[in-house]
Amino acid sequence: MAEHVIEMKGLWTQFGDHIVHRDIDLGVCRGEIMSLVGGSGSGKTTLLRQMLGLERPARGEVLIFGEALHGSDPGIMRRLRDRRGVLFQEGALFSALTVFDNVALPLRELRTLDQGLIHDLVMMKLRMVGIEPQHADKMPAELSGGMVKRIALARALALEPELLFLDEPTAGLDPDRSESFVTLIRELHRELNLTVVMVTHDLDTLVALSTRVAVLCEQRLLIVGTLDEVVANADPFICNFFMGERGRRALTAGKGAQYLA
Amino acid sequence: MPVHARRDPLRLLVFLGRKLLSVLNHLTAVVAILGQVVLDTGFLVRQPARIPWREISSNIYRTGTQALGITALVGFLIGVVLSYLSSQQLKLFGADAFIINILGISVIRELGPVLAAILIAGRSGSAITAQLGVMRVTQELDAMAVMGIPHTLRLILPKMLALAVSMPLIVLWTDAIALLGGMVAAHAELGIGYSYFLSSLPDAVPIANLWLGLGKGVVFGLLIALVACHFGLRIEPNTESLGIGTTNSVVTSITVVIIVDAVFAIMFKDVGIS
């Protein structure tokens, strides 16, 4: 069995009396693109926040690279943080900082790199996500949603992480931009040897990228498997989700592309 | 479950209990922030290279320099009004010269610090809360947490330090302008000369009052920043919560300033009054 980069064991999430997750067991293998799907309010994003350590499990634990996420050793926590990158839904660029400073921030936080090297690295990351150098001095508010996401991706990749989290990577982008963003993620995944965990409800993105899919429904993990395995499942939620008109169109389009490739 | 149409006879008690619990909840959270800020201060003392100078300086500029105009305007007008009304009363008793004592003590000891604090609470307190709230909405706070940049060290501590520096300076400035306003009104109403006013001021007002006023400024500044940050961090990612949070922040910080001012008045009742 492949090495698990992320491992959730018997995880419960609870806000007051409201239970979001019950007894979730999930392992993410190295190198795969795992998609989390589920209806609105099924706790996909909360599960992602658990993996990031932004929420604390009511019960159970989360291991990242085999280390407990809520450990006490600041050194281990630091190294853990530096090995992962996060792309938030709206990008979450710091609005007080320029594009350059946003991407430079994680590098500056290391406090080991000199200005020249930081400059080169930032420019390289921006080029990697297809942002031209003349945009480096702009403020995030001056840019379009698609560019903000690309820059946020550059920031997430600044420390060359092994693990990348994407929260709704294509939400709010027009079809053309989503398409190129998906291509970008696929290329980066291949070149940088990333493990990716992605929350999405966009079926096209899901079909185009996922190696495996985890379906959340009614507080539990319904099924984890490849897209074919998931689609073959007869659960009514999965039928509604994937076998609606939009779902079938996305699946056939995805299959077509795979046969062509 | 049946719906109780009748009013619960204990509803007042339940209401009071809820309020009390909510106040306790807020207090615990504030103490937790304060504790973290103290720990961070200790960390910065050991590693001075990590002191967020840029954040501190930009906050001093925003809470201090940019507040000079409004505090001057309000201070001047309050000085004029206070002096004008007092002059009329003093004239009745022929005690004209005491206008300097009245103005000096009340402005330097009480009005200057409290006026400045209320203005800064409304101006900078709301700005701080809204800023943190928007950062919650845009997930910038989450992004910081994920990068391992602690909120207290980078956001709260600089704001508290900045207000602790800028508040006493704003107090001094408000004092000066309010006294100027009072002096102008006293000249117009009672014919007290400017040079006489200024030369009698040090005799009429013991210097302890000035230190007391500045000390209050530091404490008020810290409290305003703390309350504003506390409410800012509690904002939920939606617009309604942002509005409610900002309102609560301003109301609470003004209330806290006035309560603490009363405590100061009792604690230092023997200081600076000859």
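Across the interface of chain A and chain B, the rule finds 3 salt bridges, each a side-chain nitrogen of Lys or Arg within 4 Å of a carboxyl oxygen of Asp or Glu. In one salt bridge, the side chains of Arg49(A) and Asp142(B) meet at 2.7 Å, N to O. This is a predicted model, in which local features need pLDDT of at least 70 and side-chain atom pairs count only at pLDDT 80 or more, while totals for chains, interfaces and linings use all residues. Residues are numbered from 1 along each chain as its sequence is written, chains are lettered from A, and side-chain values use heavy atoms, without hydrogens and water.

Now the interface as a whole. In chain A, 19 residues are in contact (heavy atoms within 4.5 Å) with 15 residues of chain B. The area buried between the two chains is about 1,500 Å², and carbon and sulfur atoms give 55% of it. That is accessible area (1.4 Å probe) lost on putting the two parts together, summed over both.

Next, helix H3 of chain A, residues 99–110. Helices here are DSSP runs of H or I, at least four residues, numbered from the N terminus. Of the 12 residues of H3(A), 9 are buried, so the helix is largely enclosed by the rest of the structure. Buried means under 20% relative accessible area (1.4 Å probe, protein chains only). Among the buried residues are Phe100(A), Leu105(A) and Glu109(A). The buried residues pack against helix H4 (115–128) and helix H5 (145–156) of chain A, and also against helix H6 (151–190) of chain B. Arg111(A) follows H3(A), and its phi is positive, near 60 degrees.

Definitions and conventions: Buried means under 20% relative accessible area, exposed over 50%, partly exposed in between (1.4 Å probe, protein chains only). Helices (H or I, at least four residues) and strands (E, at least two) are DSSP runs, numbered from the N terminus.
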